[in-house]
Amino acid sequence: MTSFEHGLYGGAIAYAVSPSMFWWGVFFAIAPDIPYIVLGIYSGGLNKIVKRTLKGGKDDLPEYVYKVYDVTHSFITTFILLFVLYVFDKNLIVLSICYGSHIVLDIPFHDSRFSTRFLYPISNFHISGYSETKHKWVIFAQYPIIFVVYFLLFRSKLGL
Ligand SMILES: [Zn+2]
């Protein structure tokens with residue numbers, strides 16, 4: 001699942017709570033990938049990261065990039081974020097759900113070194129999922145779901 005689809009799901013979750021939070025929902029749903037993208041480009045170059053995202057690739061980035069990826073793709077981090085948002089402003093805790101939706105959706109759709117270690121650093125437990133670079137149906141299966149989600153969200157606005 002790419003950052004684009006994560007953003008669409010996160011935006012939908014935030015919009016359902018408060019339409020004014022749509023773009024924050026998009027941002028928080030993409031957020032777990034941002035450190036990987038920035039560090040990946042820094043250490044491997046833009047071409048390598050784009051190619052890897054679209055076609056998959058060897059796991060040959062520096063180990064610290066994977067560690068940062070594991071930290072940002074963990075429910076432990078999500079709970080810390082939830083706590084910080086709760087203390088800051090209770091109305092913002094939906095953004096931690098947007099963040100967590102990213103991790104929930106990554107668990108079944110990532111494999112190899114990018115398998116989601118969702119309890120990191122307590123545990124390295126992970127499953128080898130159906131990555132969209134190897135299983136193209138994942139790409140095509142998710143857009144009808146996203147369409148239905150947004151249809152339900154905007155149904156009342158469309159007068160249906
Ligand atoms: Zn991710």
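The secondary structure of the protein consists of eight helices and zero strands. Along the sequence the pattern reads α-α-α-α-α-α-α-α. Helices are DSSP runs of H or I with at least four residues, strands are runs of E with at least two, and both are numbered from the N terminus. The model is predicted: local features need pLDDT of at least 70, side-chain atom pairs count only at pLDDT 80 or more, and totals for chains, interfaces and linings use all residues. Residues are numbered from 1 along each chain as its sequence is written.

The radius of gyration of the protein is 16 Å, close to the 15 Å that the globule rule gives for 160 residues, so the protein is as compact as a globular protein of that length. This radius is taken over C-alpha atoms, and the globule rule is 2.2 Å times the number of residues to the power 0.38. Along the principal axes, the C-alpha atoms fill a box of roughly 50 × 40 × 30 Å. Buried residues account for 31% of the 160 residues. A residue is buried if 20 or more other C-beta atoms lie within 10 Å of its own, exposed if 12 or fewer, and partly exposed in between, with C-beta atoms placed from the backbone. Of the contacts between residues at least 6 apart in sequence, 54% join residues at least 24 apart. A contact requires C-beta atoms, placed from the backbone, within 7 Å.

The largest nonpolar core has 18 residues. Such a core is a set of buried Ala, Val, Leu, Ile, Met, Phe, Trp, Tyr and Cys residues joined through C-beta atoms within 7 Å. Ile 13, Ala 14, Ala 29, Val 94, Cys 98 and Tyr 99 touch the most other members. Two or more residues each come from α1, α2 and α7. The largest share, six residues, belongs to α1. Not counting residues up to four places away in sequence, Ile 13 touches Gly 25, Val 94, Ile 97, Cys 98 and Ser 101.

Helix α2 spans residues 22-30, and its buried residues are Gly 25, Val 26, Phe 28, Ala 29 and Ile 30. Their cover includes α1 (3-17), α3 (34-44) and α7 (94-106).

Helices α1 and α7 pack at an angle of about 150°, with axes 9 Å apart. Axes are lines fitted to C-alpha atoms, for helices over the stretch in contact, and angles run from 0 to 180 degrees between N-to-C directions. On the α1 side, the contact is made by His 6, Tyr 9, Gly 10, Ile 13, Ala 14 and Val 17. On the α7 side, Val 94, Leu 95, Ile 97, Cys 98, Ser 101, His 102 and Leu 105 take part. These residues divide into nine nonpolar, four polar and no charged. Here Ala, Val, Leu, Ile, Met, Phe, Trp, Tyr, Cys and Pro count as nonpolar, Asp, Glu, Lys and Arg as charged, and the others, Gly among them, as polar.

A cis peptide bond joins Tyr 120 and Pro 121, with omega about 5°. Ser 112 has a positive phi of about 45° although it is not a glycine. Ser 112 is partly exposed, with 14 other C-beta atoms within 10 Å.

Lys 51 lies in helix α4 (residues 46-55). Lys 51 is partly exposed, with 13 other C-beta atoms within 10 Å. The C-alpha atoms of Lys 51 and Phe 27 are separated by 23 Å, and the two residues are 24 residues apart along the chain.

Note on methods: Contact = placed C-beta atoms within 7 Å.
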